[in-house]
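The sequence and the model come next, followed by notes grouped by topic.

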Amino acid sequence: MTMPLIFEKSKPGRKAYSLPELDVPKKGPDLLPDWARRKQPASLPEVSEVDLVRHYTELSRRNFGVDQGFYPLGSCTMKYNPKVNEDIAALSGFNSIHPYQPEELVQGALELMYEFGRDLCEISGMYEASLQPAAGAHGELTGLMLIRAYHESRGEGKQRTKVIVPDSAHGTNPASAAFCGYQVVEVKSNERGGVDLNSLREVVSRDVAALMLTNPNTLGLFDENVVEIAKIVHDAGGLLYYDGANMNAIVGIVRPGDMGFDVLHYNVHKTFSTPHGGGGPGCGAIAVKEILAPFLPVPVVEKQGDLYTLDYDRPQSIGSVKGFYGNFNVMVKGFAYIRSLGAEGLRKVAETAVLNANYIMRRLKEYYHLPYDRHCKHEFVIDASHQLKYGVHTNDIAKALLDLGFHAPTVYFPLIVREAMMIEPTETESKETLDAFIEAMIKIAELSKTSAEKLQTAPHNTVVGRLDDVTAARRPVLSWTPPEE
Amino acid sequence: MDYVPHTSEDRSEMLKTIGVSSIDELFSDVPSEVKLDRKLNLPPAMSEFELMKYMSELAGKNATTDCMVSFLGAGVYDHYVPSVVKHIISRSEFYTSYTPYQAEISQGMLQSIFEYQTLMCELTAMDISNASLYDGATGIAEAAMMSSRVTRRQEVIISRAVHPDYRRTLKTYAHNLELNVIEVPFEDGATDIEAIRDLISDKTACVILQSPNFFGCIENMALAAEVAHEKKALFVACVEPISLGILTPPGEYGADIAVGEGQGLGIPMGFGGPHLGFLTCRKEHMRQMPGRVAGETHDDEGRRGYLLTLQAREQHIRRDRATSNICSNQALCALAATVYLSWLGKQGVKEVAELCLEKAHYACERLSSLPGFERKYSAPFFNEFVMKTPVKPEEICEGLVKANILGGLPLGRFYSDLSDSMLMAVTEKRTKEEIDTLCRALEGLV
Ligand SMILES: Cc1ncc(COP(=O)(O)O)c(C=O)c1O
């Protein structure tokens with residue numbers, strides 16, 4: 001059955017809204033000149049409230065979240081999102097406040113931001129934080145802007161034109177470097193999945209502004225050479241950017257600042273359990289070493305005696321990367337998470353996330369090709385090369401998993417592994433859940449030998465089957481148009 | 001407290017399967033010289049009850065607009081958020097999902113994005129909408145960079161009457177890309193369009209105006225668009241979506257890109273975020289647009305379905321040649337806007353805009369009748385206006401706090417020559433009585 005759009009349920013004259021009566025003397029047409037007035041009303045749908053609620057409830061039933069089932073989407077850290085944090089974030093004291101209220105009237109919000117920033121510095125081994133970036137990619141761009149400002153302040157802005165990014169990096173890394181005006185230089189991975197030191201030495205020179213690194217990287221592998229890598233880059237006057245998307249593997253165990261990085265972004269919406277909202281909002285808070293602190297975006301939350309303030313007076317600041325102070329409501333949830341777990345709880349997060357990933361990896365190794373066979377961190381990458389000979393691809397395996405009630409892993413990423421499947425279980429999943437997923441993966445591996453076609457046409461139990469993406473991109477239909485009368 | 005389900009038995013069984021004797025062994029690849037040899041220095045863990053208590057105390061240290069009467073605006077507005085919005089976005093099928101990469105089990109989110117795109121196209125009278133950007137400020141920066149790609153030009157003209165935070169963000173982005181940002185002055189609260197004529201050239205990628213602008217004044221957007229188009233520059237209109245219930249939409253005055261802050265569409269003020277950046281454009285610029293987009297298609301059996309499309313623009317495919325670095329966006333806020341706009345419908349969006357317009361004009365008239373107060377500018381306005389005050393606006397606002405009123409926004413910190421003025425906003429939530437109380441309180445203060 002085709003699910004109608006809200007527009008297709010519209011009937012002229014129906015309404016869901018209720019608004020207060022106008023209680024001031026009506027002036028009407030006098031208030032706006034004719035040229036400023038809209039002539040053609042916007043055709044928004046006209047529906048009753050119950051139909052509105054049923055429509056979006058039905059849509060929600062056509063969606064899969066962490067609360068519906070296991071979500072091993074690699075690189076995305078789809079852990080359980082604690083309900084209490086949702087309740088906290090819904091408090092009036094965190095919602096019904098205007099960003100331009102006088103500081104004395106928002107001391108609780110500023111205190112929260114200050115404390116959250118301090119916690120993020122302690123967890124990463126950094127000096128000062130900015131909570132302004134709205135997501136990971138935004139944090140990357142901001143961090144690179146700080147690096148640029150640093151080089152400029154030393155008169156090396158023009159000379160340092162390149163940012164080095166490993167070939168395993170997430171797409172946002174090169175994109176952020178480009179949007180910061182840098183030329184991207186790719187560096188190869190070695191046979192252990194880490195940065196190839198010789199390739200790195202070849203590309204590092206006085207024209208390099210920074211190296212961006214994810215560690216553990218997108219293969220889920222910890223780069224043992226990280227100290228040497230940092231030294232190579234620093235010796236050439238470059239700085240080190242840490243992509244914190246994978247912090248879930250190392251919280252409480254090792255800190256980016258201690259590994260030699262100068263700036264990192266967090267994905268608060270991954271590591272610190274804030275829900276991903278079907279695509280956002282996130283929080284891409286950054287933390288930096290002291291050398292980069294003068295350049296942080298304004299405003300910076302400061303504590304003066306017992307008073308929390310917003311400091312705009314930072315003469316070397318890069319400016320702002322967003323309106324106001326960042327995605328505050330996401331910070332509330334992330335902060336609540338950190339404070340509820342404490343130091344030991346956070347360490348347990350990393351330990352368990354790593355335990356769970358290694359457990360699945362060991363058990364699947366017999367059935368799927370494991371391109372890098374060593375202890376992984378919080379996630380690992382397998383590929384479909386054993387299944388290819390039966391004509392079964394990674395995408396088929398992913399779709400078959402949907403039929404079995406699981407979300408699929410991240411697929412075809414990282415780019416350096418053909419037919420990649422990146423599996424990240426997170427720490428909140430029980431052994432029973434992991435076992436059920438493993439059984440499903442084994443079943444699919446068996447099915448590839450006997451009934452490849454069933455996999456190639458999966459999913460079969462979902463509200464729609466595989467969708468035609470080629471037509472969608474070639475002849476894009478991006479909004480609804482009413483049928484011709 | 002933690003959310004780890006393993007019993008110690010589970011743990012030892014799993015270690016055995018892996019073939020290691022301890023979890024520490026799994027971290028043997030982390031060089032010992034950088035490993036943290038102590039516990040993180042964080043306050044002790046809390047139980048759920050203790051956490052709720054602590055966080056409620058922090059929340060309690062903020063004065064809320066549920067207890068105070070607010071006339072603050074400047075890009076963030078105290079509109080009513082209907083209950084249906086909160087209930088729908090609280091459905092965990094939506095809020096605990098990731099970006100809809102697996103379309104077959106994400107039709108709910110994908111269809112709602114498609115509906116959102118349709119609603120934003122309707123509201124702005126433009127052809128194409130993306131699925132959201134971070135906020136209004138980054139929306140402006142993205143629109144400027146998009147214009148530069150479309151025109152292959154490196155200069156951006158923006159009015160000084162555009163929100164100061166948006167301009168600061170634009171300049172921060174522009175610096176790295178060697179985009180030259182030129183500011184146009186305003187005259188009597190509205191952009192000096194003749195000055196654009198003097199500044200524009202065949203190097204200009206776009207002209208950016210906001211309407212209603214930061215001062216609440218409605219700009220002559222049609223004329224500005226004409227000036228931009230004469231030099232083949234794009235015209236970027238920064239607009240406030242609620243105002244489009246009654247104001248001429250960007251598509252009708254020749255905008256090439258419409259951007260703005262969608263907070264007014266059912267999203268709490270929330271101390272400035274998360275909010276909703278929206279961006280709509282003309283069809284011909286579709287492939288230069290930043291951000292995710294949902295499209296309609298069908299499956300093998302001809303069933304209609306939705307998926308993320310035009311991905312060849314995006315970072316995960318195009319990497320350093322992508323049209324933006326954005327990955328996560330503000331999806332749940334876009335869902336809130338979708339529900340809110342469907343709740344309002346064709347009539348409601350007009351009605352809420354009219355309420356804002358009427359009440360703001362009543363407030364402006366009443367305030368202007370107070371001795372020493374007068375409206376600073378004469379251009380037509382929607383729900384926001386600048387008031388010149390007889391004593392420093394900061395002092396006035398301090399006094400109003402004692403009467404449980406959040407007064408306007410003193411403008412001196414944004415424009416040094418406006419230290420005698422404050423920006424006042426009025427939404428549908430303000431009553432005549434509240435406005436009259438404001439006036440009485442002001443009389444008492446001066
Ligand atoms: C490794 C890595 N880096 C960066 C990002 C970008 O983060 P965001 O989506 O929050 O912008 C992601 C998100 O998927 C990621 O996995």
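Two strands pair if DSSP finds at least two bridges between them. Helices (H or I, at least four residues) and strands (E, at least two) are DSSP runs, numbered from the N terminus. On these terms, β10(A) and strand β12 (residues 420–423) of chain A are antiparallel partners joined over 4 bridges.

This is a predicted model, in which local features need pLDDT of at least 70 and side-chain atom pairs count only at pLDDT 80 or more, while totals for chains, interfaces and linings use all residues. Residues are numbered from 1 along each chain as its sequence is written, chains are lettered from A and ligands numbered from 1 in the order in which they are written, and side-chain values use heavy atoms, with hydrogens and water left out.

**Ligand site**

- The ligand is placed between chains A and B.
- There are 15 residues around the ligand, and those that come nearest are A:Ser75, A:Asp243, A:His269, A:Lys270 and B:Ser328; a residue is near a molecule or strand if one of its heavy atoms lies within 4 Å of it.
- By type, the shell around the ligand holds 5 nonpolar, 7 polar and 3 charged residues. Here Ala, Val, Leu, Ile, Met, Phe, Trp, Tyr, Cys and Pro count as nonpolar, Asp, Glu, Lys and Arg as charged, and the others, Gly among them, as polar.

**Polar contacts and cover**

- A polar contact is a pair of N or O atoms within 3.5 Å; within protein, one must be able to donate a hydrogen and the other to accept it, and residues adjacent in sequence count only if both atoms are side-chain atoms.
- A:Ser75 has a polar side-chain atom 2.4 Å from an oxygen atom of the ligand.
- A polar backbone atom of A:Gly136 is 2.7 Å from an oxygen atom of the ligand.
- In the side chain of A:Asp243, an N or O atom is 2.6 Å from a nitrogen atom of the ligand.
- On its own the ligand has 390 Å² of accessible area, of which the protein covers 99%; accessible areas come from the Shrake-Rupley method with a 1.4 Å probe, and for residues only the protein chains shown count as cover.
- In chain A, α5 (136–153) and α10 (268–271) are the elements that give two or more residues to the shell around the ligand.
- α5(A) gives the most to this shell, with 3 residues.

**Sheet in chain A**

- An open sheet of 3 strands runs in the order β10-β12-β11 (chain A), with antiparallel pairing.
- At its edges stand β10 (380–383) and β11 (410–411) of chain A; each has a single partner strand, so one side of each is left without a neighbour in the sheet.
- A:Ile382 has A:Met421 in β12(A) as its bridge partner.

**Sheet in chain B**

- In chain B, 4 strands make an open sheet with antiparallel pairing, in the order β13-β14-β17-β16.
- Its edge strands, β13 (374–375) and β16 (409–410) of chain B, each pair on one side only.
- β13(B) pairs with strand β14 (residues 384–388) of chain B in the antiparallel sense over 2 bridges.
- B:Arg375 has B:Met387 in β14(B) as its bridge partner.

**Backbone exceptions in chain A**

- Most residues other than glycine have a negative phi, and most peptide bonds are trans.
- A:Gly280 and A:Pro281 are joined by a cis peptide bond with omega about 5°, and A:Pro281 is in the loop between α10 and β7 (286–288) of chain A.
- Another cis peptide bond runs from A:Val298 to A:Pro299, with omega near -5°; A:Pro299 is in the loop between β7 and β8 (300–304) of chain A.
- A:Phe324, a residue other than glycine, has a positive phi near 60° and is in the loop between β9 (307–311) and α11 (328–364) of chain A.
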